[in-house]
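Open the model in your viewer and colour it by secondary structure. The stops below go from a sheet to the helices on it, then to a helix pair elsewhere in the chain.

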Amino acid sequence: MRSYTLIAPAKINLYLEIIGDRPDGFHELAMILQSIDLADQIGVRSLSTDTIRVHSQHTQVPTDKTNLAYRAAELMVKEFPDTFAKYGGVEITIDKHIPVAAGLAGGSTNAAAVLVGIDLLWNLGLTQTELEELGAVLGSDVPFCIAGGTVIATGRGEQLSPLPSLDNIYIVLAKYRSLEVSTAWAYKTYRQQYGNTYIKDTADLVARANAVHSGAIVKAIANKDVTDIAQKLHNDLERVVLPEYPQVLQLRELFAAQEGVIGTMMSGSGPSVFALVESQPQAEIIKQKIRAAIPDEDLELFVTRTTSHGIKIASSV
Ligand SMILES: C[C@](O)(CO)[C@H](O)COP(=O)(O)OP(=O)(O)OC[C@H]1O[C@@H](n2ccc(N)nc2=O)[C@H](O)[C@@H]1O
Ligand SMILES: Nc1ncnc2c1ncn2[C@@H]1O[C@H](COP(=O)(O)OP(=O)(O)OP(=O)(O)O)[C@@H](O)[C@H]1O
């Protein structure tokens, strides 16, 4: 019986603009999503019984139906009942390295890996588009996680257009282990506070006109101009998360004050904060400085870098 081990990278949002409310309760977005080499390893193998099982070494990762990876397997069973009857159930092992509930698409990338893994296990030969369509049923970030790289995402985040890839930009990433921000809360609060107009007053209008540059950051990416990219980072959800979570605001300010940081932003709905830096040695120094400023063991710090791939096969037996 075959088994696969897949690499499932996290993502950061280089850009997240909320364009408007949608009748389905979601928000119309313009985002730039970027894969990073901080990744989980996902094992998938067939079982002789007709069950789905999930294991993880990480205590914050659920192993029941609330796990997005479990739901991905359930979706494949529902979509391909005959193949399921032929091959049997699936065991999923999640070797978790991506911080949980971090705004880094941890659950989404695990679900994407399970879709790719079951496609391989069951010899389905699904196309990338078919896998992305299945991913969209599970969550807005899942389609991106399949192929990863550097992508413009529109709609609710599932309409994808690839951009030139940005490899090897060094990143320092920080997340308080025990701090979680609900994505649903962040979007709901944004809707309540900014409605469909999103402009509060003249000062707000000027701030937004200066801040929002999806075309400008795309141009910076096309030019592979890292300094320019770093200056054009943007995330509308910071407007609701930073005032509510002082620890996230503190991290943002601390990163911004470090020599060698060329840009810093919260990822997704938070609470992770990342900083783009020029080199790996600089990244290590900045990580040490943040650790010295915040000796709290609850703060997780990583040095990572951008990567151009999504789900990748590590090994098969
Ligand atoms: C914050 C981001 O991670 C940025 O990449 C994504 O926009 C969220 O992606 P996700 O976690 O896969 O989101 P989903 O599981 O689809 O939705 C979680 C919650 O966020 C809200 N949501 C999500 C995406 C979107 N375009 N508008 C929304 O309002 C939904 O109402 C839902 O209550
Ligand atoms: N495979 C999974 N890995 C981690 N958490 C999971 C998984 N499946 C479900 N969860 C649950 O989902 C919640 C959100 O965790 P996750 O790591 O997916 O958040 P996230 O990185 O903020 O996601 P996104 O950026 O897509 O909004 C957690 O509190 C956890 O209980």
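**Sheet and helices**

Select strand E7, residues 170-176: seven bridges join E7 to E11, and the two run antiparallel. Helices (H or I, at least four residues) and strands (E, at least two) are DSSP runs numbered from the N terminus, and two strands pair if DSSP finds at least two bridges between them. This is a predicted model, in which local features need pLDDT of at least 70 and side-chain atom pairs count only at pLDDT 80 or more, while totals for chains, interfaces and linings use all residues. Residues are numbered from 1 along each chain as its sequence is written, with chains lettered from A and ligands numbered from 1 in the order in which they are written.

Within this pairing, pick Leu 173, which stands opposite Phe 302 in E11.

Now show the whole open sheet: four strands in the order E9-E10-E7-E11, paired antiparallel. At its edges, E9 (261-266) and E11 (299-305) each pair on one side only. From one strand to the next the twist averages 20°.

Contact requires C-beta atoms, placed from the backbone, within 7 Å; axes are lines fitted to C-alpha atoms, for helices over the stretch in contact, and angles run from 0 to 180 degrees between N-to-C directions.

Next, select H12 (residues 280-293): H12 lies across E7, E9, E10 and E11, at about 175° to E11.

Finally, go to H3 (residues 106-121) and H4 (residues 128-138), which pack at about 140° with axes 10 Å apart. Show Ala 111, Ala 112, Leu 115, Val 116 and Asp 119 of H3 against Leu 131, Leu 134, Gly 135 and Leu 138 of H4, which make the contact.

Notes
Contact = placed C-beta atoms within 7 Å.
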